[in-house]
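Here are my notes on the model you sent over, point by point. Have it open while you read.

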Amino acid sequence: MDGLYKQYSDFLAGYFEGKVQKLSVDLAFTCPNRDGSLGRGGCIYCNNAAFSPDAAKAGLPVAEQLARGKAFFARKYPGMRYLAYFQSYTSTYGEHARLLAAYGEALADGDVVGIVIGTRPDCLPDSLIESLRSLSEQTSKKIFIEFGVESSYDVTLRRINRHHTWADVESAVMRAATAGFPVGVHLILGLPGETEDMMAETVRRINALPVSTVKFHQLQILKGTALADMERRGQLTDMLRFTPESYAALCARMLKILRPDIAVDRFVAQAPADLLLSPRWGLKNYQFTALLAKAIAASGDN
């Protein structure tokens with residue numbers, strides 16, 4: 001796939017030499033969309049265990065979580081360096097002193113070259129941005145910020161129970177990038193009520209912002225979510241249903257629109273089989289990569 005789009009490894013190569021691996025860190029935080037600050041129940045598609053299955057580590061100190069992750073990779077890649085990835089729920093939603101202590105603990109690890117902080121666009125106040133900038137300067141290590149955006153359409157954001165707006169996204173991205181942080185965004189393709197043209201327009205709107213990376217995810221219906229309940233009740237009649245081939249074609253279309261300097265972290269999400277209701281594609285990463293290459297070639301970009 002080299003040369004067809006900017007890959008995440010190309011993006012990291014602009015900051016680090018050699019191979020760098022993300023290690024997930026779980027601070028056992030919650031989300032303002034769950035604790036009642038904004039709403040209850042979370043986003044309609046969210047089952048946090050789908051992307052953070054090792055729930056047992058959430059109560060462990062950051063250093064111990066990192067040590068466990070490093071032990072796994074060090075056997076095969078003894079010279080590996082790492083990015084601590086604060087991923088679960090909203091990793092800037094908490095008391096700032098505790099947040100900064102956790103980030104600092106990760107940055108103090110000699111094998112960690114930086115941290116990636118995943119959050120919502122309405123949960124990054126200016127005061128925390130300034131503290132993060134000071135922390136980065138003190139440690140001389142890189143801090144990356146990723147926002148769950150999902151869609152640029154407020155009607156969709158309301159339907160999926162996000163409790164933020166596109167204006168919140170624009171503000172957060174601009175403020176983080178102006179402070180010097182490389183910014184990533186996550187987009188879900190196939191949300192209820194959205195057409196392929198709407199998804200394409202979201203990518204165009206992302207192009208207009210100072211974004212460095214993007215993650216595309218196909219919408220997955222997971223057990224224990226409001227989306228699963230809606231599916232059972234037959235309420236998702238206006239939701240596009242992709243096959244692996246049609247989703248690859250959609251991703252190829254998104255790549256034709258995406259600003260070429262924006263690196264793509266990934267195209268597909270992979271939930272644990274025991275949580276996933278649909279779509280159950282059963283594809284390995286290399287298999288989807290082959291489908292995407294074929295779709296790109298068919299689109300005339302080879």
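1. F11 is buried, at 7% relative accessibility, where buried means under 20% relative accessible area, exposed over 50% and partly exposed in between (1.4 Å probe, protein chains only). F11 and F144 make an edge-to-face aromatic pair, 5.7 Å centre to centre with 65 degrees between the planes. Rings of Phe, Tyr and Trp (its six-membered ring) pair if their centres lie within 6.5 Å; planes under 30 degrees apart count as stacked, over 60 as edge-to-face and the rest as tilted. This pair links distant parts of the chain, 133 residues apart: F11 is in helix 1 (residues 8-13) and F144 in strand 4 (residues 142-150). Helices (H or I, at least four residues) and strands (E, at least two) are DSSP runs, numbered from the N terminus.

2. Some ground rules. This is a predicted model, where local features need pLDDT of at least 70 and side-chain atom pairs count only at pLDDT 80 or more, while totals for chains, interfaces and linings use all residues. Residues are numbered from 1 along each chain as its sequence is written, and side-chain values use heavy atoms, with hydrogens and water left out.

3. Strand 1 and strand 2 (residues 81-86) share 6 bridges, and V20 has R81 as its bridge partner in strand 2.

4. Now the core. The largest nonpolar core has 68 residues, and F216, Y247 and F267 touch the most other members. Such a core is a set of buried Ala, Val, Leu, Ile, Met, Phe, Trp, Tyr and Cys residues joined through side-chain atoms within 4.5 Å. Helix 9 (residues 244-257) gives the most to this core, with 8 residues. Apart from it lies another core, of 15 residues, including I44 and C46.

5. Y247 deserves a click. Not counting residues up to four places away in sequence, Y247 touches L189, F216 and W281, among others. Ring pairs link Y5, F216, F242, Y247, F267, W281 and F288 into a cluster. Both Y247 and F288 are buried.

6. Most residues other than glycine have a negative phi, and most peptide bonds are trans. S278 and P279 are joined by a cis peptide bond, with omega about -5 degrees. Phi is positive at S140, near 60 degrees, and at E150, near 75 degrees. S140 is exposed, with a relative accessible area of 67%, whereas E150 counts as buried at 8% relative accessibility.

Conventions
Contact means heavy atoms within 4.5 Å. Two strands pair if DSSP finds at least two bridges between them.
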